[in-house]
Each structure stands twice: as C-alpha cells, then as structure tokens.
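Me: I would like to go through this model by question and answer. Please show the sequence and the structure first.

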Amino acid sequence: MSSAPLPKWASKPCIMGIDEAGRGPVLGPMVYGCLYCTLSYQKTLATLNFADSKTLKEEKREELFENIKADDSIGWEVDVIDPRELSAKMLKRTKINLNEISHNSAIGLVKRVLDMGVLLTEVYVDTVGDAEKYRVKLSENFPGVKFVVAKKADSLYPVVSGASIVAKVTRDRALRNWVLDETAENMQRNFGSGYPGDPETKAWLDCHKHMVFGFPTIVRFSWGTCKPYFKDFVEVVWESDKMDEDCPNNGRSKHQQKLSDLGFTGYKRKSEDIESSGKGRCKFFQARKLQLVSKF
C-alpha cells in the first residue's frame, strides 16, 4: 500500500485502473493493484511506456514502478492476498471461489481509494469471469462511478497497464523476500516462478512435501497442482468425525451438536477446578487422563 498523503489533484475527476498478478501460481500471494490519476493526465499517462506487465522484462517493470512511485501526478494502492487466505477461502465448507475473491479485492481497492477522498469518476478493470456481470456488480456497489470491464484491459488502457506493473512488481518482491514460516533444515528457496508448469516449481513441491503436514504455508493447498501429492500423504482421521459417524442423528444433524454432548460444561465453575477434578471435561481428555498443566 502506498503511504503518501492525498494530493491536491485528487479532488478533481479521476480515473483508475485495476489489475492482478499471481492468479495462476501455486506458490505465493495473489496481488491486486490499482493506479489512479486525473482525467486530464491521461494523455501524459499514454507516453510513459506502460504495457501489460507480462510482456515486459523484470528490469523494465522495476524501472517503470520506480517511475510511478516518483510521479506526483499518480497514486497507487495494492491488496496482497496471502496464500493461506486463498486456500482457506477455497476449501471452507461454504467455498469462496477465486473469481469472487478477485472481485472482492477489486471492490476493496475502489472503496479504499474513494474513502481516501479521491474523486473517482471512471474505473477500468481487466475482466474476471463474465465481463458484463462483473461490470453490473461493480456498478451496484458504486453507483456514482462509471466502470469499463474488458478482456486484455491491461493492453488496451494505459491506466490498467500501470496497475498491472504495480501488482506484478509487488508480487515479485513479496516472493523474493518471502520469509518461510517453517524452520526445517532442508528448506530451500529455489521455487522458480511458482507457476504449475514450471519444472523448478514442480521439483520444489516434490522436495518440500511432508507426509503429515502437507506443504509449507507459501503453497496454495487448494490448487489442483497439489492434489497428485495428496495420495502419498498420511490419512488423518479426526476423532470428532468419528463421533459424528457413531452418533449421526440423536435428533440433530452432526453440525448442530451441543457442546454438552461433547463433554463440555458451562462456566458455573472455574475452569481450573473443572480441569483438576476431571469432571465435565471433554471425553478426549478424560479417556487419556490428560490434565491441565499451568506450571512447568
């Protein structure tokens, strides 16, 4: 996210472009970026040699991003979506697919810029899914703004090309500087581009899979690229699932069990007393004679 104070020109009618980077990779974050400026700055914007970031070499993207940061007539923002968040949303019971995650990110950027006080009148977006449905969705959220949603918008509109560069450079830097949460001795950083077809990425995944814990948290578990590895993983059977199978009904569905059914009591007594006596504790702990230890 940029941290510069709101420029004076932001009170004039402005346009904004939105694009993403890292939608396809199995590793690292997905980044949505936006770039905005006044309507009157459009002609100048067209002379800054912006292009779809995928068509530019890394050195050129870095150079253009530094030019964007140094240009007082341009504003920009990013939304960095962690791989763990992507997987959690796509694997939860009520799944949120990648298109919806993308839409929400774009909507969040528009809201953020408007809340900053920028007078947005036109927003150009690279489409995700059906272009017209996406446009209607954006327009319903922001009735006072004109939206143009188009395929290859990053090649058609310089303001979107600029947003593409912001998003791509931000993702590249995030991946390059990524601090791995895991501390195993054999952890390596030679994971390539992160795209499923990259041989270096495939080799990294194969080398860093764990039979119990799966993959490091930089990996998007929900991606189809990971599924072939799952067959080699240890099957985990959760006790709560087994309890659901043993007692499927009891007048309620398994998602409607009361805590008391699982051995929990209310808060009438101090939790320390309950733990020390062993009464009213979860059956899991009772069966294993596990006690609460407060001092080591």
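Me: How are helix 4 and helix 5 oriented to each other: roughly parallel, roughly antiparallel, roughly perpendicular or oblique?

Reply: This is a predicted model, with residues numbered from 1 along each chain as its sequence is written. Local features need pLDDT of at least 70, side-chain atom pairs count only at pLDDT 80 or more, totals for chains, interfaces and linings use all residues, and side-chain values use heavy atoms, with hydrogens and water left out. Helix 4 (residues 98-116) and helix 5 (residues 131-141) pack at an angle of about 40 degrees, with axes 11 Å apart; axes are lines fitted to C-alpha atoms, for helices over the stretch in contact, and angles run from 0 to 180 degrees between N-to-C directions. Angles under 35 degrees count as roughly parallel, over 145 as roughly antiparallel, 65 to 115 as roughly perpendicular and the rest as oblique, so helix 4 and helix 5 are oblique.

Me: Which residues of helix 5 make the contact with helix 4?

Reply: Contact means heavy atoms within 4.5 Å. Helix 4 contributes Ser 102, His 103, Ala 106 and Ile 107. On the side of helix 5 the residues are Tyr 134, Lys 137, Leu 138 and Asn 141.

Me: How many helices and strands does the protein have?

Reply: Helices (H or I, at least four residues) and strands (E, at least two) are DSSP runs, numbered from the N terminus. On that basis the secondary structure comes to 12 helices and five strands.

Me: What share of the protein is buried?

Reply: Buried means under 20% relative accessible area, exposed over 50% and partly exposed in between, with a 1.4 Å probe and protein chains only. Of the 296 residues in the protein, the buried share is 41%.

Me: How many aromatic pairs are there?

Reply: Rings of Phe, Tyr and Trp (its six-membered ring) pair if their centres lie within 6.5 Å; planes under 30 degrees apart count as stacked, over 60 as edge-to-face and the rest as tilted. By this rule the count is seven.

Me: What kind of aromatic pair do Phe 191 and Trp 204 form?

Reply: Phe 191 is in the loop between helix 7 and helix 8 (199-207), and Trp 204 is in helix 8, 13 residues apart. Phe 191 is buried at 5% relative accessibility, and Trp 204 is buried at 2%. With 5.7 Å centre to centre and 85 degrees between the planes, the pair is edge-to-face.

Me: Is Asn 49 buried or exposed?

Reply: Most residues other than glycine have a negative phi. Asn 49 has a positive phi, near 65 degrees, and sits in the loop between helix 1 (42-45) and helix 2 (58-70). Its relative accessibility is 55%, so Asn 49 counts as exposed.

Me: What is the phi of Lys 152?

Reply: Lys 152 is in the loop between strand 5 (146-150) and helix 6. At 57% relative accessibility, Lys 152 is exposed. Its phi is positive, near 55 degrees.
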